[in-house]
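This report describes the fold of one chain and the side that it turns towards its partner. Please read it alongside the sequence and the model shown here.

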Amino acid sequence: MSEMTKQRPKHLALNEIRLPLAGFASILHRISGAGLFLMLPLLIWLLQLSLGSTQASAEMFSAVTGNWLVKLILLGLTWAFLHHFCMGIRILLIDIHVGVEKQQAHNSAMTVMVVSLALTAILGLKLLGAY
Amino acid sequence: MQRLVVGAGYGLKDWLAQRVTGVIMAVFTLIMFAAALGGAMSSREAWQAFMANGLIRFLSFLFIVSLCWHAWVGVRDIWMDYLNSAALRLFLHVMTLLALVGYAGWAIQIIWRL
């Protein structure tokens, strides 16, 4: 007991830790959530412009969403939302004891990464006006 | 060693709130995705007519409340995990809460004005 106490606090070298894929997907869940939170004012503003009844709001919406920097941010937020969404489903499944085994958890983390990136590509091309 | 645990339970409430609000938002997302495939976002007029629908306004309201609640628990967890200064934590907790309450009011006002 006393030896254990002596080793505390434990300092973790964050730059040397090799996270397993599930851990990597998990920290991305946090980063994507933080990004979505920080960009909420932009998203609500765009909602306001998209639902505005005046011609001015329609023009402003086109101007803002036509800006390349805004497009880039929206592309990032698309990924953030999709990753957060897929990871959330994974968390809910693990809550009800689905996919708790190590290999299954690894596979589901990989699935989350692949699916969210693929959907980002599909929606991103739409966002950039490819189709 | 005897441990006196005081105030246990509030963590469970937040954990549960995070799940419930997450499910509400996930369902709303699927509804919006289906609506988009059905052409609800094909033009400005179609989008505005869709969002003015009574049921959608009701669901949008639930989504906004869920989002802000969900963000509160999530962002608060980030402050709690990484900040050691109680004063800075308290300050950012209050700022986060004020921002989210303001965002909720702003967003609800947008959809209910339709």
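What percentage of the contacts in chain A with a separation of 6 or more is accounted for by residues 24 or more positions apart? In this predicted model, such residues account for 73% of those contacts.

## Secondary structure and overall dimensions

Chain A contains six helices and zero strands, and its elements, read from the N terminus, follow the order α-α-α-α-α-α. The radius of gyration of chain A is 20 Å, whereas the globule rule gives 14 Å for 131 residues; the computed value is well over that figure, and chain A is therefore more spread out than a compact globule.

The extents of the C-alpha trace along its principal axes are about 70 × 30 × 25 Å. As for burial, 18% of the 131 residues of chain A count as buried.

## The side of chain A that touches chain B

Between the two chains, 16 residues of chain A are in contact with 17 residues of chain B. On the chain A side, at least two residues each are supplied by α2 (21–38), α3 (40–51) and α5 (68–95), and the largest share, six residues, comes from α3(A).

Sorted by class, the side of chain A that touches chain B is made up of 10 nonpolar, four polar and two charged residues.

Terms used:
Residues numbered from 1 in each chain as written. Chains lettered and ligands numbered in written order. Predicted model: local features only at pLDDT ≥ 70, side-chain atom pairs only at ≥ 80, totals over all residues. Helix = DSSP H or I, 4+ residues; strand = E, 2+ residues; numbered from the N terminus. Rg over C-alpha atoms; globule rule 2.2 N^0.38 Å. Buried ≥ 20, exposed ≤ 12 C-beta atoms within 10 Å, placed from the backbone. Contact = placed C-beta atoms within 7 Å. Nonpolar A, V, L, I, M, F, W, Y, C, P; charged D, E, K, R; others polar.
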